[in-house]
Amino acid sequence: MNLRSLYIVGTGGLGRGIAELLKSINASDPRWIIEGFIDDNTGTVGRKVNHLSVKGTTDRLLTVEKPSDVVLAIANPAVKERLIRKLKLNPYLSFPNIVHPRVELNEFVAMGQGNIVTEGVVFSANIQIGSFNLIHFNSTIGHDVVMEDYSTIYPGNNISGYVKIESRAVIGTNAAVLPSVRIGKDAIIGAGSVVLKDVEQGATVIGSPAKPINKISNSIRGDNS
Ligand SMILES: CC(C)(COP(=O)(O)OP(=O)(O)OC[C@H]1O[C@@H](n2cnc3c(N)ncnc32)[C@H](O)[C@@H]1OP(=O)(O)O)[C@@H](O)C(=O)NCCC(=O)NCCS
């Protein structure tokens, strides 16, 4: 059996959870030798985190000279994008999709590379997922959803049919996005929001119905301008 080396970038809570997810995948379908963590926080380098060594910073990955897999356990879209640009300079590195073994992917779910799908996620049909997205615990992705790149869907989300999630969006935990809504690039949806209308590029919206955060603060202050 040809096991590939794999590095997990990020020792935070997400990284430690992803390490357990990788062990679950390996238990049902052995694929990797998990070499350890990589972290740009030099304080952790050389230490052990949940029994795995922290091998170095992302600079170390640029020196890898055999085909190896990398999982970016980072939720911040801008950081993900910056690191992927850097790591793609090393042609030995690949970015597999990491999908929990109990998540069902049907033939009508298309995915690029470097996505992470954790336990309890449910996909409907005719879904296009780009690359380097995180779809976290117990989220549902409706039919005909299109998701571009580098976005993060936190746990417990319900994304309805025909929703479009543009690049680098963040959808906070436990939100509901209603059918056909477009979430613009770099938008942030607050935890627990109910999103009825399109969200502008770069906007942060909260509440039910979700509204831009500055408008909410203004209305709280009694300023309706
Ligand atoms: C929306 C969000 C990004 C705003 O963060 P922020 O810019 O730091 O905003 P603040 O915390 O300063 O809050 C600004 C105001 O919005 C309110 N607010 C913040 N988030 C809210 C939310 N999700 N729903 C309703 N109101 C919210 C705050 O109470 C505050 O109101 P105030 O001005 O009357 O005091 C953040 O609160 C959020 O929901 N992030 C999602 C995080 C998440 O789900 N993580 C999952 C980890 S697993």
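The structure is a predicted model, in which local features need pLDDT of at least 70, side-chain atom pairs count only at pLDDT 80 or more, and totals for chains, interfaces and linings use all residues. Residues are numbered from 1 along each chain as its sequence is written.

Let me begin with the domains. The chain divides into domain 1 (4-95) and domain 2 (97-215), with bounds from an automatic or database domain assignment. Their centres, taken over C-alpha atoms, are 24 Å apart.

How many residues of domain 1 are in contact with domain 2? There are 15, and they meet 14 residues of domain 2; contact requires C-beta atoms, placed from the backbone, within 7 Å. On the side of domain 1 that touches domain 2, α1 (13-28), β5 (68-72) and α3 (77-87) each supply at least two residues. Helices here are DSSP runs of H or I with at least four residues, and strands are runs of E with at least two, numbered from the N terminus. The largest share of that side, six residues, belongs to α1. By class, the side comprises 11 nonpolar, two polar and two charged residues; Gly is counted as polar, and Tyr, Cys and Pro are among the nonpolar.

I turn now to the ligand. Of the 14 residues around the ligand, those that come nearest are Tyr154, Gly172, Thr173, Gly190 and Ala191, where near means a C-beta atom, placed from the backbone, within 6 Å. Both β23 (204-206) and α4 (213-220) supply at least two residues of this shell, and α4 has the largest share, with three. The shell holds seven nonpolar, seven polar and no charged residues.

Note on methods. Two residues are in contact if their C-beta atoms, placed from the backbone, lie within 7 Å.
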